Amino acid sequence: MPTHKKTILITGGAGFIGSHVVRLFVNKYPDYHIVNLDALTYAGNLANLKDVEAAPNYTFEKADITDESRIREIFDKYRFDAVIHLAAESHVDRSIMDPLAFVRTNVLGTANLLHVSLSFWREALEGKRFYHVSTDEVYGSLGKEGFFTEETPYDPRSPYSASKASSDHFVMAWYHTYGMPVILSNCSNNYGSHHFPEKLIPLMINNILHHKPLPVYGKGENVRDWLYVDDHARAIDTIFHQGKTGEKYNIGGFNEWKNIDIVHLLCSLMDKKLGRTPGESAKLITYVKDRPGHDLRYAIDATKLNKELGWKPSLQFEEGLEKTVDWYLANQDWVTAVTSGDYQHYYAQQYVKR
Ligand code: NAD
Ligand code: DAU
């Protein structure tokens, strides 16, 4: 897509990845008007965007993506040229507790956005773009060998991944049936600043800091492929501007880690930062009941994105992890704000009985 003036709707911009994408676009493209649409669920936090909220090319709209009349009203007001869709329920453990919330937002919400976008764009689809941000979890679980490529068949196994897989299928259905100019990416596990402390890395950082047990599911042998969140935001920028309509791109770090190794790495990093005796934080490691249907291994082959569009990750994991720990230690007010209220209730339900 050329970079002349345009108005872009970014959904889920108050969340973890969305806030990094909004920041990148607002700062890098002063000619774009970025409208961040977010329902501000427990995971959405406008404090994530304090540094850009006064920018002249940024606007926030509070709305739920499942609310058709409200989404129509917002489309009517701004007449978007493009949508970058990140709004979702994103935590696997919550999807096991409350699967229908995931069907509602991830499936119905995505279909609603497609439906409204098409109704505004139908007469002039040329130059429009609907970018759907998805996950590698749609591909299911790998054994010890192999990688997910763009051709790997979908095999989702949690309510979260099933809802994301379904949303991907709706996006492609709009492409094939209505000629909607869609593009899609499937990314591996992100980490970095502003990550809600229900997910592995920020939860462990928070618990290490407060001398709380470090709940490792099962034997801690499950493997994830970790990517620094700013690298994901850069990939989204690249794909949005240079990707081919109707195509999907895998995004990943070529950076596989067992959960238990990450927890040990964080413990030793934080022992140093907090002036603790080496080995002190690791004593907090507690093996707990496994996640039901726990996918063993994810590993992304991001060759297509590298070969066709020239993207590659910029940071080594150890460096990114240290930056992340430093951010959490320097931003305890943010952590305190997001861990009050609903978080305490969720934490008790998720961990106390394990
Ligand atoms: P997040 O949970 O941190 O943020 C989600 C955002 O969506 C929040 O701001 C929330 O308020 C908003 N939202 C939720 N329901 C909404 C609704 N009905 N209407 C409007 N807004 C709503 O999620 P994240 O980790 O930033 O993930 C963003 C996207 O990237 C998701 O689509 C997720 O599936 C995908 N993804 C995440 C990762 C990861 O590692 N976190 C990896 C690959 C893909
Ligand atoms: O792969 C991309 C996906 O990565 C995204 O689509 C999801 O939105 C994102 O949440 C993430 O899903 P995971 O389930 O892989 O992330 P999570 O941080 O919840 O867990 C990472 C691993 O750590 C997983 O194997 C489960 C384990 N774990 C997690 C928590 C929260 C623990 O052992 N203990 C924990 O307390």
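**Sheet and helix packing**

Q: In which order do the seven strands of the open sheet lie?
A: The pairing in this sheet is parallel, where two strands pair if DSSP finds at least two bridges between them. Strands (E, at least two residues) and helices (H or I, at least four) are DSSP runs numbered from the N terminus. The edge strands, each pairing on one side only, are strand 3 (58-62) and strand 10 (248-251). The seven strands lie in the order 3-2-1-4-5-6-10.

Q: What are the conventions for numbering and confidence?
A: Residues are numbered from 1 along each chain as its sequence is written, chains are lettered from A and ligands numbered from 1 in the order in which they are written, and side-chain values use heavy atoms, without hydrogens and water. The model is predicted: totals for chains, interfaces and linings use all residues, side-chain atom pairs count only at pLDDT 80 or more, and local features need pLDDT of at least 70.

Q: Which residue of strand 5 is the bridge partner of Ala-82?
A: Strand 4 (residues 82-85) pairs with strand 5 (residues 129-135) in the parallel sense, over four bridges. The partner of Ala-82 in strand 5 is Arg-129.

Q: What angle does the direction of helix 2 make with that of strand 3?
A: Helix 2 (residues 68-78) packs on the sheet and touches strand 1 (6-11), strand 2 (32-38), strand 3 and strand 4; contact means heavy atoms within 4.5 Å. Axes are lines fitted to C-alpha atoms, for helices over the stretch in contact, and angles run from 0 to 180 degrees between N-to-C directions. The angle with strand 3 is about 160 degrees.

Q: How is helix 2 oriented relative to helix 4?
A: The axes of helix 2 and helix 4 (residues 99-121) come within 10 Å and cross at roughly 40 degrees. Angles under 35 degrees count as roughly parallel, over 145 as roughly antiparallel, 65 to 115 as roughly perpendicular and the rest as oblique. Helix 2 is therefore oblique to helix 4.

Q: How many charged residues has the contact of helix 8 with helix 10?
A: The axes of helix 8 (residues 259-273) and helix 10 (residues 317-330) come within 11 Å and cross at roughly 55 degrees. Among the contact residues are Leu-265 and Lys-273 of helix 8 and Glu-318 and Leu-321 of helix 10. Asp, Glu, Lys and Arg count as charged, Ala, Val, Leu, Ile, Met, Phe, Trp, Tyr, Cys and Pro as nonpolar, and the others, Gly among them, as polar. The contact has nine nonpolar residues, no polar ones, and, as charged residues, four.
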